[in-house]
Amino acid sequence: MGEVKSRQNTEELSRQFSYIEKAKGYVEEVSRQLNRKPTCCVTTFGCQMNARDSEKLVGILEAVGYEMIESENADFVIFNTCTVRDNANQRVYGRLGELNGHKRHNPHMKIALCGCMMQEPTVIEKIQKSYPFVNLIFGTHNIFKFAELLCTMFENDRMTVDIWQDTETIVEDLPKRRKYPFKSGINIMFGCNNFCSYCIVPYVRGRERSRHPEEIIREIKNLVADGVVEIMLLGQNVNSYGKNLEEPISFAKLLKEIEQIEGLQRIRFMTSHPKDLSDELIEVMQQSKKICRHLHLPLQSGSTKILEKMNRRYTKEQYLALVNKIRTRIPDMAITTDIIVGFPGETPEDLEETIDVVRQVKYDNAFTFIYSKRTGTPAASMEQVPQEQVKDGFDRLLKAVQECAREQVAKYRGSVMEALIEEVNENNPSLVTGRLSNNTIVHLPGTADMIGQICQVSLDECCGFYYMGHAVEK
Ligand code: SAH
Ligand code: SF4
Ligand code: F3S
């Protein structure tokens with residue numbers, strides 16, 4: 001059963017292609033009424049998974065005849081939402097209020113909501129009650145049937161709501177529109193089984209499901225044939241990739257196979273859970289010419305007591321030993337992290353432990369978050385930390401993080417490194433912006449035709465968290 005279901009579902013795929021054809025008809029009808037191509041705006045909140053999902057939405061929207069624009073004053077607006085922290089939710093409600101203003105002026109306007117926030121029943125109730133002008137709501141598990149849902153939306157005046165609790169179905173190979181021609185994210189697995197006690201992701205993204213290696217390889221080969229030179233393998237915990245397949249395979253082995261793909265130049269992945277980072281993976285990273293020198297290794301807390309309450313399944317000492325091992329084998333590996341401040345029961349002493357880890361590891365960058373209580377997670381019923389203590393701790397941590405990051409980033413001043421040129425600089429069109437293997441940004445004089453190329457760049461000047469440089473001959 002599991003095998004058949006988790007494989008690419010070709011029957012479902014062809015059904016969805018027929019809905020794309022049908023939706024085209026509805027969009028043509030709107031087009032006739034408006035006397036122009038209808039416009040559409042997809043706004044993405046949250047992580048790389050959501051960004052990739054939005055590329056799937058845009059692929060279908062373009063296929064059915066929408067013109068994609070940046071402005072939310074469009075004929076169709078879609079919010080792909082995140083619920084990892086409460087402020088992400090609040091932003092969505094605020095923006096929805098603004099959309100209602102646009103909708104009053106545009107009777108053709110449609111509004112859709114999807115993504116992680118929609119997997120929470122309380123959110124759906126609130127939208128039905130307070131935002132009845134929304135036309136379509138769907139969740140994370142049924143995004144593959146977006147074309148079908150579009151048809152339902154056009155056929156109904158009432159709000160269409162379709163939320164699934166979980167799924168084993170994986171339907172890839174529908175149209176996608178990449179944001180960048182030269183780099184792409186690729187889902188290698190979906191969901192999460194870790195249940196860190198603060199985190200809502202396992203509840204809104206469902207159980208862990210890995211894609212089959214041959215399907216991942218095929219997708220990457222197609223992307224490379226289409227001009228992609230850098231890929232980012234996506235999963236909530238890539239280190240446990242493949243464990244549940246009927247022919248289990250390790251993440252390290254998958255990487256080895258991907259390394260063989262000709263024309264592919266850079267491989268990135270996120271996120272790695274420290275508890276599952278194997279020696280085999282360190283070995284593969286060390287040997288690889290393509291895997292980037294950047295590892296995102298979320299710490300969350302440096303206090304073993306708090307880590308245990310978080311259900312992270314490693315201690316401060318184990319984390320430090322792991323970093324030590326990686327740094328010994330691969331000295332130029334940049335390490336970044338995520339840290340939560342104010343988890344229930346965290347004392348100023350616990351935070352000192354976290355700051356101690358920051359100083360010992362010397363992170364190249366760290367994303368620091370104030371703990372946000374998520375309904376339904378185990379931590380929500382634990383005793384919460386007073387606001388003032390959290391604020392004070394957050395500021396101290398941020399200072400430590402910035403000091404280390406500044407020092408780390410500056411290490412390569414004066415050297416020549418490879419950078420993938422990503423875009424013309426937004427503020428100064430005589431510059432282009434590139435990314436080093438270790439994820440540091442460099443700005444250099446250049447032109448749009450360099451975009452997508454890997455150049456040798458001299459890192460002349462370090463300005464805090466980025467470099468100013470110039471291209472040099474190989
Ligand atoms: N799967 C990834 C993280 C996904 S969420 C991992 O395990 O590393 C991204 C980050 O959001 C987490 O690393 C964590 O630092 C933060 N986060 C998750 N839930 C949170 C919460 N309730 N409050 C504050 N930050 C949270
Ligand atoms: Fe959330 Fe933990 Fe899963 Fe990451 S590993 S998504 S933090 S439960
Ligand atoms: Fe947010 Fe969902 Fe990602 S909750 S962080 S968008 S998996």
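A polar contact is a pair of N or O atoms within 3.5 Å; within protein, one atom must be able to donate a hydrogen and the other to accept it, and residues adjacent in sequence count only if both atoms are side-chain atoms. The model is predicted: local features need pLDDT of at least 70, side-chain atom pairs count only at pLDDT 80 or more, and totals for chains, interfaces and linings use all residues. Residues are numbered from 1 along each chain as its sequence is written, and side-chain values use heavy atoms, with hydrogens and water left out.

**View 1. Polar contacts of ligand 1.** A nitrogen atom of ligand 1 lies 3.1 Å from a backbone N or O atom of Tyr198. A polar side-chain atom of Gln236 is 2.8 Å from a nitrogen atom of the ligand. The side chain of Asp338 places an N or O atom 2.7 Å from an oxygen atom of ligand 1.

**View 2. The shell around ligand 1.** Of the 540 Å² of accessible area (Shrake-Rupley method, 1.4 Å probe) that ligand 1 has on its own, the protein covers 89%. Strands (DSSP E runs of at least two residues) β13 (334-341) and β14 (365-370) each give two or more residues to this shell.

**View 3. The buried face of helix α9.** Helix α9 (residues 251-259; a DSSP run of H or I, at least four residues) has Phe251, Ala252, Leu254, Leu255, Ile258 and Glu259 buried (under 20% relative accessible area, 1.4 Å probe, protein chains only). These buried residues line one face of α9, because they fall within an arc of 160 degrees seen down its axis (taken from the directions from the helix axis to the C-beta atoms).

Key. Chains lettered and ligands numbered in written order. Buried < 20%, exposed > 50% of the residue type's maximum accessible area, 1.4 Å probe, protein only.
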